[in-house]
Amino acid sequence: MEIHCYGREKLIQPYFFDKYPLYHQITRECIGSIFHARKVENVSLQKQLCGKSLDYFLFYPPEPIFTEGELDVIFFVLQNMSSKVIGRHLGLSHRTVENKLQGIYQKAGVHCLRQFSEYSRHTGFDRYVPQKFLKPLSQLLMLDAG
């Protein structure tokens, strides 16, 4: 997966890339590469980064201190989603989301979202994407040999 900022809005545009060497038919010398890109369609991965470099994602939590439910809330709250929006995504009330967020703050030793965002940058939680939010997809690209 490669992720870069594109467009005027500088929105993250993640793509899955399949890359292969391209060989000359006669000499069998590598003359380049061929690739196929598939845009990641999960809208929750496309957040505005405001000039921040995000070169990779983590698919496992960097530290085992949060529950699965807390990790889901962390993922969405770090994308500046409100408790109501997070609740709709997770099938929870906004009060439940806010209670989970208070527990997250307590475990992280912080008191507000600004402090938690800083904590997340230092620990790697700002790069964490729960695997259940990714949809597996594969496509076969058939090339005409003629």
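**View 1. Salt bridge between Lys107 and Glu70 in the predicted model**. The closest N and O atoms of Lys107 and Glu70 are 2.8 Å apart. Lys107 belongs to helix H3 and Glu70 to helix H1, so this pair ties together parts that are 37 residues apart in sequence. Lys107 is partly exposed, with a relative accessible area of 40%, whereas Glu70 is buried at 10%. The structure contains 3 salt bridges.

View 2. With a relative accessibility of 7%, Asp72 counts as buried, and its contacts, leaving aside residues up to four places away in sequence, are Leu90, Pro130, Lys132 and Phe133.

**View 3. Packing of helix H3 against helix H4**. Helix H3 (residues 94-108) and helix H4 (residues 113-123) pack at an angle of about 55 degrees, and their axes lie 11 Å apart. H3 is therefore oblique to H4. Their crossing is left-handed. Ile104, Tyr105 and Ala108 of H3 meet Leu113, Phe116 and Tyr119 of H4. The residues of this contact comprise 6 nonpolar, no polar and no charged.

**View 4. Salt bridge between Arg95 and Glu98 in helix H3**. The N to O distance is 3.8 Å. Because Arg95 and Glu98 are 3 residues apart in H3, about one helical turn separates them. Arg95 is exposed at 54% relative accessibility; Glu98 is partly exposed at 30%.

**View 5. Salt bridge between Glu118 and Arg121 in helix H4**. The side chains meet at 2.7 Å, N to O. Glu118 and Arg121 are 3 residues apart in H4, so about one helical turn lies between them. Glu118 is partly exposed, with a relative accessible area of 35%, and Arg121 is partly exposed at 44%.

Technical notes. Residues are numbered from 1 along each chain as its sequence is written. This is a predicted model: local features need pLDDT of at least 70, side-chain atom pairs count only at pLDDT 80 or more; totals for chains, interfaces and linings use all residues. Side-chain values use heavy atoms; hydrogens and water are left out. Axes are lines fitted to C-alpha atoms, for helices over the stretch in contact, and angles run from 0 to 180 degrees between N-to-C directions. Helices (H or I, at least four residues) and strands (E, at least two) are DSSP runs, numbered from the N terminus. Angles under 35 degrees count as roughly parallel, over 145 as roughly antiparallel, 65 to 115 as roughly perpendicular and the rest as oblique. A crossing is left-handed if the near helix is turned anticlockwise from the far one by less than a right angle, and right-handed if clockwise. Contact means heavy atoms within 4.5 Å. Ala, Val, Leu, Ile, Met, Phe, Trp, Tyr, Cys and Pro count as nonpolar, Asp, Glu, Lys and Arg as charged, and the others, Gly among them, as polar. Buried means under 20% relative accessible area, exposed over 50%, partly exposed in between (1.4 Å probe, protein chains only). A salt bridge is a side-chain nitrogen of Lys or Arg within 4 Å of a carboxyl oxygen of Asp or Glu.
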